[in-house]
Amino acid sequence: MPTTDLLTIGAFARRSGLTSSALRFYADSGLVRPIRVDEESGYRYYSPGQVADALLIRRLREIGLPLERVSAVLDAEPGEAARIIDDHVAGLAAQAQQARDTAATVKAALGSTVSSPSVLVTGPVFTAAVEQVLTATTPELPVLNGVHLEVSAEAIVLTATDRYRLATRTLVPAEPSSAPWTATVDADELRLAMPWTRRQHELRLSVRPDGIEFRADTTRTCRTLADEFPDYRLMLASLPEVRTRAVISRNALVAGLERHYSPQIRLDLSAGAIVVGTESIPAVVTGPPISLSFAVSTLHPAISTAVGPDVMLDVAAPDLPVVVRSADNGDLTTLAMPVKGTAE
């Protein structure tokens, strides 16, 4: 098919309602691969016929279906696909009923118009995204004690780094901005604003000369930092080629980390599993086996703040940052630095 008949990744993202980063995640997961990748520029092209699959994937991820089951739905006959979806929804319903029952028990025990560029977001979703990257801020350097916002028509990108960790989260806005804009928001003021933003169904974010305004029924303002935010994209682009990749259940990996009581932990990645300490957790692993050691205080937040039911670990070498990727209503990428030595 001629390139002129294909869609760029940006055009394909707009048609499918996914971000470009999420599309790269799903391509690396083997779900929606580009029809063509330009060898010189690396540009990815998709066919219009792939839009239906991308829309289906987006909807399946909206109900929290794990990647392996999404793949099974795409490959299955209609009847089998419906059964997979029904089983998943039944599990969600059971969890919701259990939550309602527990809540009832607990309650019984207790006794009972903008001129500046702006973008519309959902309050709870935006708040969760901010909290996912706030753990990578640090007050040690003023320019790094902030969350960098990049707003475009396609997405909102939130990024933070403390030099040892980096977290970048992408959201699809409820209503796109009329013009692109960037700002670095003070992390301490954001933390104070989060209980309020979480309670707002819709929030309009507007950039001002000295801050970001959050508008709902009332307004709040957080100051912005004047210093230039580091070029984190250059850092991501400088990472070497991935040698080993693993896709694993986020909850299973978090649980494995939380059952480990020493400050350092070893991960062994090999075909079919990741061994966390001495516990083997099923995983889809491609590439050569590799072992890494982490401070639990570094790895746990990188995994526990992931979005969606599973995470992807991209490993280049045992002494280089591991890229932790996830996608669901946007995507989250976190760099976690291994430590030297081994752990029991």
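A: The largest cavity has a lining of 13 residues, and those nearest its centre are Thr135, Arg165, Pro301, Ala302 and Thr334. A cavity here is a set of points, on a 1 Å grid over the protein atoms alone, where a 1.4 Å probe fits but cannot get out; a lining residue has an atom within 4 Å of a point. Two or more of these residues come from each of β7 (165–171), α10 (296–304) and β19 (331–336). Helices (H or I, at least four residues) and strands (E, at least two) are DSSP runs, numbered from the N terminus.

The model is predicted: local features need pLDDT of at least 70 and side-chain atom pairs count only at pLDDT 80 or more, while totals for chains, interfaces and linings use all residues. Residues are numbered from 1 along each chain as its sequence is written, and side-chain values use heavy atoms, with hydrogens and water left out.

The largest cavity holds about 90 Å³ of space. A volume is the space filled by probe spheres set on the grid points, which are joined across faces, edges and corners. Its lining consists of seven nonpolar, five polar and one charged residues. In this scheme Ala, Val, Leu, Ile, Met, Phe, Trp, Tyr, Cys and Pro count as nonpolar, Asp, Glu, Lys and Arg as charged, and the others, Gly among them, as polar.

The second largest cavity has a volume of about 40 Å³. Its lining has eight nonpolar residues, with no polar and no charged ones. They are Leu267, Leu269, Leu292, Phe294, Leu299, Leu313, Val315 and Val322. At least two of the lining residues come from each of β13 (264–270), β16 (290–295) and β17 (310–315).

Next come the pockets. A pocket is an open set of points with protein on both sides within 12 Å along at least five of seven lines. About 970 Å³ of space lies in the largest pocket. Of the 31 residues that line this pocket, Ser21, Arg24, Leu236, Arg325 and Thr333 lie nearest the centre. The elements with two or more residues in this lining are α2 (20–28), β7, α8 (232–237), β18 (322–327) and β19. The most come from α2, which gives five residues. The lining of the largest pocket divides into 13 nonpolar, eight polar and 10 charged residues.

The second largest pocket contains about 710 Å³. Its lining has 29 residues, with Pro66, Leu67, Glu68, Pro309 and Asp310 nearest the centre. Two or more of them come from each of α4 (67–75), α5 (78–110), β12 (244–249), α9 (250–258) and β15 (279–286). Here α5 gives the most, with five residues. By class there are 11 nonpolar, 10 polar and eight charged residues in this lining.

A salt bridge is a side-chain nitrogen of Lys or Arg within 4 Å of a carboxyl oxygen of Asp or Glu. By this rule there are 18 salt bridges. Arg325 forms one with Asp28, where the closest N and O atoms are 2.8 Å apart. Arg325 forms another with Asp314, at 3.0 Å from N to O. In this second pair, Arg325 belongs to strand β18 and Asp314 to strand β17, 11 residues apart. Asp28, Arg245, Asp314 and Arg325 are linked in a network of salt bridges.

Are these residues buried or exposed? Buried means under 20% relative accessible area, exposed over 50%, and partly exposed in between (1.4 Å probe, protein chains only). Arg325 is buried at 11%, and Asp314 is buried at 5%. Asp28 is partly exposed, at 26%.

Several of the strands named above belong to one sheet. Two strands pair if DSSP finds at least two bridges between them. The sheet is open, has 12 strands with antiparallel pairing, and its order is β8-β5-β6-β7-β19-β18-β17-β12-β15-β14-β13-β16. Each of the edge strands, β8 (181–186) and β16, has a single partner strand, so one side of each has no neighbour in the sheet. From one strand to the next the twist averages 25 degrees; axes are lines fitted to C-alpha atoms, and angles run from 0 to 180 degrees between N-to-C directions.
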